[in-house]
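Biologist: Please walk me through this model. I want to learn how to read its features.

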Amino acid sequence: MIIYSSNALAFRESVDNNQITVQIEEAFIKGMGKRPNQGEVRAWNNSMQFMEKIIRNSKVADDCGILIEYNIPSTSKRIDFIIAGQDEQKNDNFVIVELKQWDAVEAMDREDVVRAFIGGRTRETPHPSYQAWSYKQYLSDMNEAVYSKDINGYSCAYLHNYRTVQPDPLQYNQYQDIIREAPLFLADDASKLQDFLKRHVGQGNGVNLLYLIENGKIRPSKKLIDHIDGLFQGNSDFVLLDEQKVAYEAIMSLAKQTDVKRTIIVQGGPGTGKSVISMNALGGLLKNKLNVKFIAPNASFRTVMVETLTQRQARNKTRTKMLFTGSSQFYKEPADMYDVLVVDEAHRLKGKGAYQYLGENQIEDIIKASKVNVFFIDDFQRIRPEDIGSIDEIKRLAALYNSEVHEYSLAAQFRCSGAEGFLNWVDDALQIRPTANFDGWDQDSFEFKLVDTPNEVYDLIKGKNDQGYKARMLAGFAWNWTADKEGNRNGEIPDVTIEEHRFAMPWNARSISSTWAIHESGIDQVGCVHTSQGLEFDYVGVIIGNDLKFDSEKMELYSDYDEYKDRMGKRGLKFKNEELTKLIKNIYKILMSRGMKGCYVYCRDKELMNYLCSRANSK
């Protein structure tokens, strides 16, 4: 959606007449159905004055096309400024200009990320050159008019209030690669930006290009398809086995037929390969030139999936990352906007009132916005009251939208060295559901130990990590998490403390929360369910805190509301112990099922420890 469009001459006249902000605001209200916030209005009023001078002094042709606040289709992102036209060789081009009013910035050690003052506080945000380049790359990869009609994209960032310092954190060495992709123009670089625009679009004839860009269908280009296909080739993390292949082919057959609205439900427990299938489905649907997005509510899971997929082609990570998104943005999408939406970890989809979600029901959003939707789900992995993802809820909403439902179940176990019996035993021992493995499993196929101290758990995990295995410490949310503003940005404060054993470790650092599972410093930090759900390790060490206890009289597990520290996780449940217990038991099942080769457990509650020992007969 284009908020504002004109030619270069009309743009200059609107700015000269002090009408440009009014025109953009009116177009915004008409196109978006809401008023812009005052920060956006101030930004337009300021930045457009600068861009008018750039356009005028660059002497680009009057019939260059100008787009302002272009809403990228199939995303919630808006591009600040696009100018389109031809170069001296008569090539059709467009230039994306990312505008910032910053006057200071902090560098970070995270790839293409900086810290800047935005919206009243200092926040982490993509480097401006990265933002500009990623928008250009998305249009080049996904807008059919751009790639089929040989419209060339360029990008840059213009920080008109920013004066360089020495050394300049915005231009540190770690940002030079992305700056080469999308040049950075600062307050003293106006003439350089003018030359950049003149070179690429100066000959004009660009208004028709705006129409082509606005009306281009959103579907993947052959270059993007080949890129994604190359990531899967030879990547053993995403090889389909047995019933995974059957489920994948069923999804592909149904999803390619977008003439009928369909809802596909794939249910399976931990280790059945839901994520392997969902990732392959993404690649397969792209190869069929469908407009598809991969949705995962958990940011850590999304990040690790992208990292795993792109580990051999790290520089092209952004092209892959653009296909992945969270679950909160679809409430405002038009009906059937996407051919297919693939949702992994669907049990974590949210309802009204969830953090930063402005809609009513994320399941409904997704079904409404897509012709075909695929939900990968495990009803026993819901961990918060706001998690509304369930098979029954998906079916209810599919019926509301006349969406044809197809169900598939995964049973074969590909985690825990094939020890399906261990996971069944966990279900039975944690009193989640009765299973045939109430009396144990083949312990030669999976290493499980209950140990007397958390220090022993850490020693075992550290030893496995030193041997080259993927190993991590995990714990239930039974300890407070010191806030970032209190000096705990990088896991400085050892919040997970067990005084009786002189044990203390920090929660995973917020600065690496999305990559903690694969970050080298993660071995000395404790992860929680939010940074590990959906992921796999070779070995996990699990600390069960005082939030889960055992009543030896009733022979029942129960939760301790005061010991459970996840405020959102227990909201509204103070007098609903049965429901809270169910959620906490699900959390510990998730943690204990993250390991493929082994799991070591310490219980702080002695009654619970004795109970699990009697059930496992492992000591």
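Modeller: Start with burial. Buried means under 20% relative accessible area, exposed over 50%, and partly exposed in between, with a 1.4 Å probe and protein chains only. Here, buried residues make up 58% of the 619 residues in the protein chain. This is a predicted model: local features need pLDDT of at least 70, side-chain atom pairs count only at pLDDT 80 or more, and totals for chains, interfaces and linings use all residues. Residues are numbered from 1 along each chain as its sequence is written, and side-chain values use heavy atoms, without hydrogens and water.

Biologist: How many helices and strands does the protein chain have?

Modeller: Both are DSSP runs numbered from the N terminus: helices are H or I, at least four residues, and strands are E, at least two. The protein chain has 20 helices and 24 strands. Its radius of gyration is 27 Å, close to the 25 Å from the globule rule for 619 residues, so the chain is as compact as a globular protein of that length. That radius is taken over C-alpha atoms, and the rule is 2.2 Å times the number of residues to the power 0.38.

Biologist: Which way do side chains point along strand β23?

Modeller: They alternate along β23, residues 556–559. L557 and S559 point to one face and are buried. Pairing of two strands takes at least two DSSP bridges between them. β23 pairs with β22, residues 548–551, in the antiparallel sense over four bridges. K549 stands opposite Y558. The two strands form a hairpin with four residues between them, and M555 in the turn has a positive phi of about 60 degrees.

Biologist: What is I377 in contact with?

Modeller: Contact means heavy atoms within 4.5 Å. I377 lies in strand β14, residues 370–377. It counts as buried because its relative accessibility is 0%. Beyond neighbours within four places in sequence, its contacts include I265, V266, K274, H347 and I394.

Biologist: What lines the largest cavity?

Modeller: Rolling a probe the size of a water molecule over the atoms shows where empty space is left. On a 1 Å grid over the protein atoms alone, a cavity is a set of points where a 1.4 Å probe fits but cannot get out; lining residues have an atom within 4 Å of a point. Points are joined across faces, edges and corners, and volume is the space filled by probe spheres set on them. The search finds one cavity of 30 Å³ or more. The largest cavity has a volume of about 40 Å³. Its lining includes F477, C528, H530, D566 and I587.

Definitions and conventions. 1 Å grid on protein atoms, 1.4 Å probe; cavity = no way out; pocket = protein on both sides within 12 Å on 5 of 7 lines; lining within 4 Å.
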